[in-house]
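Open the model in your viewer and keep the selection tool ready. The stops below go from the whole chain to single residues.

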Amino acid sequence: MTSHALPRPYALLRAAAGLSLLLTLSACSILGDKPKERSTLYAPDPRVQADASWPNADWQLSLTPPTSARMIDSLRIAVRPAPNELQVYKGAGWAKPPGEMLQDALLRALEDSGRIGAVARQGSGVAADYKLVLDLRRFESDYGNGEALPSATIEVSAKLLHNSDQKIAAARTFVQSQRASTTAVPDVVAAFDGALAAITRDLGGWILSSGNAHEQAEHPRSAHR
C-alpha cells in the first residue's frame with residue numbers, strides 16, 4: 001500500500017487544531033459548568049463611647065497586632081455547631097481579619113475618649129510608656145450545648161507591658177458573648193458587632209485603670225489618679 005503523507009504546512013495546521021481542541025476541553029473540565037459562588041463580606045465597625053468610670057491617663061500606649069491561630073483570625077466566619085466541631089458559614093466572610101477588627105475598634109475607642117496621653121499602633125514612632133499585647137483566642141458563632149440560637153463569642157487574653165523594663169504591669173482574659181436574634185448570617189454578624197463593642201469597652205477601661213495603678217506604684221508622686 002502506498003501512504004499519502006500530507007504536505008508539512010497542512011500537517012502543522014492539523015496538529016495545532018487538535019492541540020487547541022484539547023486545551024479547550026481541559027479548560028472546561030477544570031472550570032466546571034457552575035460559576036464560583038460569590039461571598040457577602042461583612043465589616044462590624046462598632047463606635048464605642050468612653051464609660052464614665054474610665055480614668056484619665058497621662059502616659060502613652062502602643063498596640064501590637066493581636067496574635068491568634070490561623071483558623072480564628074481568618075476571613076471566613078467561624079461557627080461552632082457542637083463543642084468539638086468548627087465550621088464556617090457558606091457564602092459569607094469578613095472584610096478584614098478579626099484581629100484587625102479588634103485592634104481598630106480599640107484604637108478608635110481610646111483615641112476618641114480623650115482619656116489617654118497618646119495611643120498608636122506599634123511602629124508608628126510614638127514613644128510609648130506601655131505596650132498592649134493581645135492574644136485572640138475565640139471569634140466564633142457558638143451554639144453551645146445544642147442551643148437553638150448561636151452566640152457571637154469573643155475571647156481575648158490581654159497583657160499590659162511596661163516598656164522600660166518589659167515587665168507585665170497587668171494581665172487579664174476577657175470574654176464577651178452576644179446571642180443572635182436568629183440563625184441568619186446578618187443577625188449573627190449583628191451579634192458580633194455587639195460582642196466586639198462590649199469587649200472593646202471592657203479592654204479600654206481596664207487598660208487605663210491598670211496603667212494608672214502601675215504608674216502609682218512605680219512613681220507615686222507623678223501618677224495621674
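**Stop 1: the whole chain**

Keep in mind that this is a predicted model. Color by secondary structure. Walk from the N terminus and the order reads α-β-β-β-β-β-α-β-β-β-β-α.

The accessible area of the chain is about 13100 Å². Carbon and sulfur atoms hold 52% of that area. Of the 225 residues, 41% count as buried, the cut-off being under 20% relative accessible area.

Take the contacts with a separation of 6 or more: 70% of them join residues 24 or more positions apart.

**Stop 2: helix 2 against helix 3**

Select residues 98-113, which are helix 2, and residues 185-218, which are helix 3. How do their axes cross, and at roughly what angle? The axes come within 9 Å and cross at roughly 55 degrees. That angle makes helix 2 oblique to helix 3. The crossing is right-handed.

Next, show side chains at the contact. From helix 2, pick Met101, Leu102, Ala105, Leu106, Ala109 and Leu110. From helix 3, pick Leu196, Ile199, Thr200, Leu203, Gly204, Ile207 and Leu208. These two sets meet each other. Color them by class: 11 residues are nonpolar, 2 are polar and none is charged.

**Stop 3: asparagine 56**

Center on asparagine 56. This residue sits in the loop that links strand 1 (40-42) to strand 2 (57-63). Is asparagine 56 buried, partly exposed or exposed? Its relative accessibility is 39%, so asparagine 56 counts as partly exposed.

**Stop 4: glutamine 166**

Move on to the loop between strand 8 (151-162) and strand 9 (167-179), and select glutamine 166 there. Check the backbone torsions. What is phi of glutamine 166 near? Phi is near 60 degrees, a positive value, and the residue is not a glycine.

Bring the surface back for a last check. Glutamine 166 has 42% relative accessibility and therefore counts as partly exposed.

How values were computed. Residues are numbered from 1 along each chain as its sequence is written. This is a predicted model: local features need pLDDT of at least 70, side-chain atom pairs count only at pLDDT 80 or more; totals for chains, interfaces and linings use all residues. Side-chain values use heavy atoms; hydrogens and water are left out. Axes are lines fitted to C-alpha atoms, for helices over the stretch in contact, and angles run from 0 to 180 degrees between N-to-C directions. Helices (H or I, at least four residues) and strands (E, at least two) are DSSP runs, numbered from the N terminus. Angles under 35 degrees count as roughly parallel, over 145 as roughly antiparallel, 65 to 115 as roughly perpendicular and the rest as oblique. A crossing is left-handed if the near helix is turned anticlockwise from the far one by less than a right angle, and right-handed if clockwise. Contact means heavy atoms within 4.5 Å. Ala, Val, Leu, Ile, Met, Phe, Trp, Tyr, Cys and Pro count as nonpolar, Asp, Glu, Lys and Arg as charged, and the others, Gly among them, as polar. Buried means under 20% relative accessible area, exposed over 50%, partly exposed in between (1.4 Å probe, protein chains only). Accessible areas come from the Shrake-Rupley method with a 1.4 Å probe; for residues, only the protein chains shown count as cover.
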